[in-house]
Amino acid sequence: MGSFLVRRLELAMAVVDRVLRRVLESDVELSRDGAEAEVRRILSIESPLAPPKLVDVVVDNLVGMGPIEPLFRDAAVSDVFVNGPDEVWVERAGVLEPTGISFADDAAVLAAVERTIAPLGLRLDRASPLLSARLPDGSRLHAVIPPVSVGGPVVAIRRFTAVAPDLDTFVEWGSMTSDQRHFLGQAILDRKNIVVSGGTGTGKTTLLNALAGTVSLGERIVTIEDAAELRFSGHVVRLEARPANAEGQGRVTLSDLVRTALRLRPDRIIVGEVRGPEALDMIAAMNTGHDGSLSTVHANGPDDALWRLETLALSGEGIGEMAVRRQLRSGVDLIVHLTRRDAHRRVQTVAEVDQDGCREVSCF
């Protein structure tokens, strides 16, 4: 029985390879719809008894991510991780689990990534072994290849979620208390400058989106992100940073966008994540009449968030440590810190900021 199944698999893969070559030799447009129609036509002639799922296999290898493409059709999957060709993991409901899926070899992983980023004008090769990209559906793709990645190509894809939760949903999930929800909702109305802190995967961007969603529809908001993820209604102008192209030209940084945002007459500025010298520009914006601005930062707690913002602001040039510290503690009003334990995300601390540092809000 084992040899029979192996033989059937070999025959199926031979059909897939043959159809792939036929499609690539044709003049059909390599979009999902165009490729699917052509694959069905070829299979009806060459292998009329082939199972319908073989169409998806061929199309996924033409215009998708190959063997991991079916994972993106699973709404429960939030992250996909490829740790070399033989190891693919997913995160479902906050739990990491292996999939048993594999690629043929390193070249197959690279080919899958290249198919995905080619329409974006990006490159991934030994000269440029690091890649970050926002896919057309809003998902984020990060890839590292040898020689930087020792064990083979590594790919991480954070899925785009179609429904953005509001603050009430955070309460339903048990991620914040009712008192925290009302306090933060009032803080938005009072135009407090808020920084959301936490580690990777704690839900910083999700909470930032929920907070931004409570802003009055009459206010003009400019959002600034590395990869545009925020989505809420209202008078919103969305700006997105851009990496350099294949020739090393055309890069637009978050600092560039923060300075541009100041010229667009915003009522509030939202920076998706501060991770570099743009921290100084954001702090300056909070101190120049743009009350109610929001951002996120990676940190272990509220005090660490202040120190990290200070360090990031000082990574630029032209300003002293004390000046940054005064502006930071004058500009930021609240820090909301998120944690993740056993796949559960929650608001651990809400802290007020003054000239002496952070003080946990005691009304909860």
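This is a predicted model: local features need pLDDT of at least 70, side-chain atom pairs count only at pLDDT 80 or more; totals for chains, interfaces and linings use all residues.

Student: What is the strand order in the open sheet of 8 strands?

Tutor: Reading across, the order is β9-β8-β10-β11-β7-β12-β13-β14, and the pairing is mixed. The edge strands are β9 (235-240) and β14 (357-360), each of which pairs on one side only. From one strand to the next, the twist averages 25°.

Student: Which strands does helix α6 touch when it packs on that sheet?

Tutor: Helix α6 (residues 178-189) touches β7, β10 (268-271), β11, β12 (334-341) and β13 (344-354), and its direction makes about 50° with that of β13. Helix α10 packs on the sheet too, touching β7, β11, β12, β13 and β14; the direction of α10 makes about 95° with that of β11.

Student: How do I read the sides of a helix?

Tutor: An α-helix has 3.6 residues a turn, so residues three or four places apart point the same way. Now try α6: its buried residues are Gln-180, Arg-181, Leu-184, Gly-185, Ala-187 and Ile-188. They cover an arc of only 155° around the axis, which puts them on the same side of α6.

Student: Which exposed residues does the face of α6 turned away from its buried side carry?

Tutor: His-182 and Leu-189 are the exposed residues on that face. Just after α6, Arg-191 takes a positive phi of about 60°.

Student: And α10, which of its residues are buried?

Tutor: In α10 the buried ones are Pro-302, Ala-305, Leu-306, Leu-309, Glu-310, Leu-312 and Ala-313. Their arc around the axis is only 165°, which puts them on the same side of α10.

Student: Why does the length of α10 agree with what its residues should span?

Tutor: Its 13 residues (302-314) should span 18 Å at 1.5 Å a residue, and the end C-alpha atoms of α10 are 19 Å apart, which agrees.

Student: What about the open sheet of 6 strands: what are its order and pairing?

Tutor: Its order is β3-β2-β1-β6-β5-β4, with antiparallel pairing. β3 (95-98) and β4 stand at the edges with a single partner strand each, so one side of each is left without a neighbour in the sheet. The twist averages 15° from one strand to the next. Helix α4 (residues 106-117) packs on this sheet, touching β1 (77-83), β4, β5 and β6 (154-158).

Student: How many residues lie between β4 and β5 in their hairpin?

Tutor: There are 5, and Gly-138 in the turn has a positive phi of about 100°. The two strands pair in the antiparallel sense over 5 bridges, and Leu-130 stands opposite Val-144 in β5. As for the faces of β4, Leu-131 and Ala-133 lie on the covered one, while Leu-130, Ser-132 and Arg-134 lie on the uncovered one.

Student: Zooming out, how many helices and strands are there in the protein chain?

Tutor: The protein chain has 11 helices and 14 strands. Of its 364 residues, 43% are buried.

Technical notes. Residues are numbered from 1 along each chain as its sequence is written. Side-chain values use heavy atoms; hydrogens and water are left out. Helices (H or I, at least four residues) and strands (E, at least two) are DSSP runs, numbered from the N terminus. The expected span of a helix is 1.5 Å times one less than its number of residues. Buried means under 20% relative accessible area, exposed over 50%, partly exposed in between (1.4 Å probe, protein chains only). The arc is that of the directions from the helix axis to the C-beta atoms. Two strands pair if DSSP finds at least two bridges between them. Axes are lines fitted to C-alpha atoms, for helices over the stretch in contact, and angles run from 0 to 180 degrees between N-to-C directions. Contact means heavy atoms within 4.5 Å.
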